[in-house]
Amino acid sequence: MKIKFVTLVLLFITFGLSAQVIKVKVPSMPTDTLEAYTKFSEQEIDESSTIVKSRNFPNLFWTLNDSGDSARIFPFNADGEAYYPEWDSSTSEIRIPDAVNIDWESMTADDKGNLIIGACGNNTNMRRDLALYVVPEPTPTQANKTRVLKTIFFRYPDQEEYPPKKTNFDCEAIFFAKGKYYLLSKHRSDSHTKLYRMDKMKPDEINELTLISEFDIQGMVTDADASVDGNRLAILTYNNVWVFEADLPEDFFTGKISYKKISAKQCEAICFDNEDLLITNEQTEIFRLPISALKKIK
């Protein structure tokens, strides 16, 4: 009995870390070349790697530059116009002096007034210092710096080697839904993405993520965002946009699905803006895509 029990436990663990890949059939469709409606007015935004809409202030969005920049974020409105502190119009940057920008790739907002920055870029799959920075959202016209409220270090439960044989442990997409932080992996060994949930957030240890599911996203995930009610998830790759609908984040990939093939140069940022999606690329352009323009495929 003991041997059978141990065997069942091992089978359960193995299955939990290598669940069946969810796939959907995508119909043939033309690629929609998006036309930018504006650009960032702030010249120091030169490689927008993520965008997030504020939950505290109307018509306020945040972005940050790709790896190589200092620890700072930038506020702007839907027209791409920067917000400046009242005493200084030379730069809109808001510095985070007690953080270190090691391949910052994504950002989201929670329901407690915080911005969450993903220090989780991991091109070589060798990092052991993956982290989320929880930062109180500042009022952009009243501040030029903010601070880290909490740093949460984490690891993937299914990564056992550094580097692994399959380089599927990069991450450029984090989102907040129904009280939890979630991450989506960017794969280089296949066209999938894995959905992870952060269930533990202990400050004094490296927290192991919970693997939820795996989906054939048919590309490399560059950003994601959940609607405020947590029932919709938008995922961006270099050449397509997906919107998933479900009552629970764990069910996104098995719920309703809409899809669109796009071309927008090197697009790496997406967020909801009511019934539209805002997308930015590393060429400082901003695009608006109505969700209704996506084709329902499931």
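Mentor: Let's start with a definition: a residue is buried when its relative accessible area is under 20%, exposed when that area is over 50%, and partly exposed in between. Keep in mind that this is a predicted model.

Trainee: Could we take one residue as an example? Is Val-52 buried or exposed?

Mentor: Val-52 counts as buried because its relative accessible area is 2%, and it lies in strand β3. Look at its contacts too, leaving aside neighbours within four places in sequence: among them are Leu-60, Trp-62, Met-107, Leu-115 and Cys-271. Val-52 and Asp-223 are 171 residues apart in sequence, with 10 Å between their C-alpha atoms.

Trainee: Let me try another one. Which strand holds Ile-270?

Mentor: Ile-270 is in strand β20. With a relative accessibility of 0%, Ile-270 counts as buried. Beyond four places in sequence, its contacts include Ile-51, Asp-223, Leu-236, Val-241 and Leu-278. For Ile-270 and Gly-121, the gap is 149 residues in sequence and 17 Å in space, C-alpha to C-alpha.

Trainee: Now for charged side chains. How many salt bridges are there?

Mentor: To find them, look for a side-chain nitrogen of Lys or Arg within 4 Å of a carboxyl oxygen of Asp or Glu. By that rule there are 20 salt bridges. In one of them, Lys-265 pairs with Glu-285, with 3.7 Å from N to O. This pair links distant parts of the chain, 20 residues apart: Lys-265 is in the loop between β19 and β20, and Glu-285 is in strand β22.

Trainee: Why does Glu-285 count as buried?

Mentor: Compare its value with the cut-off we began with. Glu-285 has 15% relative accessibility, so it counts as buried.

Trainee: Which residue does Arg-288 meet in a salt bridge?

Mentor: Arg-288 meets Asp-276, at 3.0 Å from N to O. Arg-288 lies in strand β22 and Asp-276 in strand β21, so this pair ties together parts 12 residues apart in sequence. Arg-288 is partly exposed at 32%, while Asp-276 counts as buried at 19%. Salt bridges can also share partners: Glu-44, Asp-69, Arg-72, Glu-93 and Arg-95 are joined into one network in this way.

Trainee: What about empty space? How much lies in the largest pocket?

Mentor: Here is the general idea: rolling a probe the size of a water molecule over the atoms shows where empty space is left. In this model, the largest pocket holds about 300 Å³. It is lined by 17 residues, and the closest to its centre are Ala-226, Ser-227, Val-228, Phe-272 and Asn-274. Strands β3, β7, β16 and β20 each give two or more residues to that lining. By class, the lining has 5 nonpolar, 5 polar and 7 charged residues.

Trainee: And how much space lies in the second largest pocket?

Mentor: About 260 Å³. Its lining is made up of 8 charged, 2 polar and 2 nonpolar residues. Glu-161 and Lys-165 are among the lining residues, as are Asp-190 and Phe-169.

Trainee: What joins the side chains of Glu-161 and Lys-165?

Mentor: Those two side chains meet in a salt bridge, 3.1 Å from N to O. Glu-161 is partly exposed, at 37% relative accessibility, and Lys-165 is exposed, at 73%.

Terms used. Residues numbered from 1 in each chain as written. Predicted model: local features only at pLDDT ≥ 70, side-chain atom pairs only at ≥ 80, totals over all residues. Heavy atoms only, no water. Buried < 20%, exposed > 50% of the residue type's maximum accessible area, 1.4 Å probe, protein only. Helix = DSSP H or I, 4+ residues; strand = E, 2+ residues; numbered from the N terminus. 1 Å grid on protein atoms, 1.4 Å probe; cavity = no way out; pocket = protein on both sides within 12 Å on 5 of 7 lines; lining within 4 Å. Points joined across faces, edges and corners; volume = space filled by probe spheres on them. Nonpolar A, V, L, I, M, F, W, Y, C, P; charged D, E, K, R; others polar. Contact = heavy atoms within 4.5 Å.
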